[in-house]
Amino acid sequence: MSNLENQLKEWRRDFHRYPEGGFLEMRTASIVASILDELGFGLEMGRQVMAADYFMGKPNQEETAAHYQWALENGAKKDYIEPFKDGYTGIVATMDTKKEGPTIAFRVDMDALPIHESEADSHFPQKEGFRSAVPNTMHACGHDAHTTIGLGLASLIAENKDSLKGKIKLIFQPAEEGTRGARSMAEAGVIDDVDYLIASHVGTGVPDGHFVASKNGFLATSKLDVTFKGVSSHAGGNPEEGKNALLAAASVALNIYAIPRHSEGATRINVGELHAGSGRNIIADKAVLKIETRGETTKINEYVKAQAEAVIAGSAQMYGVEYEIHTVGEAISAHGSKELASVLHACAQEASYIKESILEDNSPAGSEDATFFMERVQQNGGQATYCIFGTELAAGHHNEKFDINEGTMKNAVQLLFESIKKLN
């Protein structure tokens, strides 16, 4: 594993240095595809594995085209980038052993966050020369490590193909941040033949060397972009002729927090952004809000979302303005399959590099759109789980100083490969 460990660091640091946001992972995906092709995996890419009708929060055509040029200028693999140039950046890689056995799938994500990475000398990526080269974009959640783990696992699968059975699928998903990317891949049917699905993450507060075989408690969520359109007017001369979009938005920002809690489980609501107006003496004719709802179950989140939409509609009517609501991200709730989690738990208990393994963690968590994959596999009679590899963090997730213990990647690759052998 020593050569592989060095390769993992090299891959991770390259991805870290050139982060890409959701549906813009063109450089990343082209490099991933080139490596997987060289390893002998069958590839399905871009529109082949993403249903356009289920895209949420995709950058506009101008931004996508500009990023394509950036990717070409910054190390993208030209022979592999074309399927991704329009922002369809998903990959499904399949190793068919041609021997009867289960279909096992692993899902990893690739996207970065709109955060400017720390330039402090004490920050390890800065000190070692792989800090983000892209202003206001960084891997602050570990997805660079996740992509790398996927490639490391692919390497072990290719090396040991003759001793394996069935099919092994590696799903490289774009746009997990904002819960935007998984549903389009699930709706494209990429996991409809899967018997076992394993999604994974590093960190999330789990101590270094510890492992959680089934992380449950993910909240269902909806991400809403709301636009109010009113009528501008002179605030001193003719205020009565205006229709104030700013006041409608402000009313939403206050009243949305009055949505009653749900008796069946936890709820969350947040207004993260409000932009409105163009001058102190002008009645604002436009306002934009970014809102998210969450619920302990999909049913509860749907309740919160419906209540939020009612508040928005009521505020628009009160101030005589028009409004639009766009759902730009969504995830459902899911619960891991205990039988599959038990297989991972057994692998972890047998591994000398894992200090402690927990079978299930049901404490409340954020949101994850891998739940779309999990639910679909389970509905089709398969099993699915979401596991966590603990790691030492330099700072919390979504922080400008985020960094991981790179040794975690080797452990994750080894444990996931051991799970394939047990499931065979």
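Me: Which residues line the largest cavity?
Reply: That lining is made up of F106, R107, V108, I149, G150, L153, L170, I171, F172, S200 and L416. A cavity here is a set of points on a 1 Å grid over the protein atoms alone where a 1.4 Å probe fits but cannot get out, and lining residues have an atom within 4 Å of a point. This is a predicted model, where local features need pLDDT of at least 70, side-chain atom pairs count only at pLDDT 80 or more, and totals for chains, interfaces and linings use all residues. Residues are numbered from 1 along each chain as its sequence is written, and side-chain values use heavy atoms, leaving out hydrogens and water.

Me: OK, β8. Where does β8 stand in its sheet?
Reply: The sheet is open, with four strands in the order β8-β9-β7-β10 and antiparallel pairing. β8 (267-276) and β10 (322-331) are at the edges with a single partner strand each, so one side of each has no neighbour in the sheet. Strands count as paired if DSSP finds at least two bridges between them.

Me: How many bridges join β8 to β9?
Reply: Nine, with β9 covering residues 286-295 and the two strands running antiparallel. V271 stands opposite I291 in β9.

Me: Switching to helices: at what angle do α7 and α8 cross?
Reply: Roughly 145°, with the axes of α7 (residues 245-255) and α8 (residues 298-319) coming within 9 Å. Axes are lines fitted to C-alpha atoms, for helices over the stretch in contact, and angles run from 0 to 180 degrees between N-to-C directions.

Me: Which residues meet there?
Reply: L247, A248, S251, V252 and N255 in α7 meet V311, I312, S315, M318 and Y319 in α8. Contact means heavy atoms within 4.5 Å.

Key. 1 Å grid on protein atoms, 1.4 Å probe; cavity = no way out; pocket = protein on both sides within 12 Å on 5 of 7 lines; lining within 4 Å.
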